[in-house]
Amino acid sequence: MHRRHFLAGLAAGSAGVFVIAKPALVLAQATPAPAAPAAAPAFTLPPLGYAYEALEPHIDAATMRIHHSAHHQAYVNNANALANQWAGLKTTPIETVLADLSTVPETVRTGVRNNVGGHWNHTFFWELMTPGGAEQPSPELKSAIEASLGSVTDMATKLNAAAMGRFGSGWAWLVVGKDKKLAIVSTANQDTPLELGAKAVVGVDVWEHAYYLKHQSRRADYLAAWWKTVNWDKANANFKKATA
């Protein structure tokens, strides 16, 4: 066969040839495992249970908003950071920790005193100021006040004196002491009465951020207004718990 005829035949035959490509290799992708849920924080900011403006005109909404959402939230954030350094904060009741700070490792003790103490103090404070509660102590609490501190008015005067006498920042408290009697005490910064072996019935925050927007440096004016927000239903419950 001539070369020309051979090439022509080859071209004609090749027109019927089909090339079958191999299928691409498909790799199965593994489904990622679901992420483990984040552990709940040891401490959370408690809701007030009432609106920021609910205590007006005695305590203004701006002060309440900043005090709760900024200052208290900062204590909560710092307390959670400390809980990551010392696991005891995740397993031990907060009141047990604050009642005996000597059990807290020295490396975090000051932070726990300031931040966990600040969280406990403020939680107590918000609950005590619930609007719309009783305006006078229960007969049982009133009798105990009279037995230890004179009249209810005398007690308020003494607590105000402790609050006014607190140099710088801190708190003034009506507490049930180790002797089961009522007493007035004051604590510095975010120290709590728990460290004194006492149980709080009434407590007032006299850090400047609690009153400066409305009253500036007039702490006495703030105290006069604050007494109008005290919910004696809660104070009565605190007294009952403290003496149980």
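Biologist: Which residue stands opposite Val175 in strand 3?

Modeller: Val175 stands opposite Ala200. This is a predicted model, in which local features need pLDDT of at least 70, side-chain atom pairs count only at pLDDT 80 or more, and totals for chains, interfaces and linings use all residues. Residues are numbered from 1 along each chain as its sequence is written, and side-chain values use heavy atoms, with hydrogens and water left out.

Biologist: What makes strand 1 and strand 3 a pair?

Modeller: Two strands pair if DSSP finds at least two bridges between them; strand 1 and strand 3 (residues 199-205) are joined by six bridges and run antiparallel. Strand 1 also pairs with strand 2 (residues 182-188) in the antiparallel sense, over seven bridges, with Gly170 opposite Ala188.

Biologist: Why is strand 1 called largely enclosed?

Modeller: Buried means under 20% relative accessible area (1.4 Å probe, protein chains only), and seven of the seven residues of strand 1 (residues 170-176) are buried, so the rest of the structure largely encloses this strand. Both faces are covered, with Trp171, Trp173 and Val175 buried on one side and Gly170, Ala172, Leu174 and Val176 on the other.

Biologist: Why is helix 5 called oblique to helix 10?

Modeller: The axes of helix 5 (residues 106-128) and helix 10 (residues 232-242) come within 8 Å and cross at roughly 130°. Angles under 35 degrees count as roughly parallel, over 145 as roughly antiparallel, 65 to 115 as roughly perpendicular and the rest as oblique, and therefore helix 5 is oblique to helix 10.

Conventions. Axes are lines fitted to C-alpha atoms, for helices over the stretch in contact, and angles run from 0 to 180 degrees between N-to-C directions. Helices (H or I, at least four residues) and strands (E, at least two) are DSSP runs, numbered from the N terminus. Buried means under 20% relative accessible area, exposed over 50%, partly exposed in between (1.4 Å probe, protein chains only).
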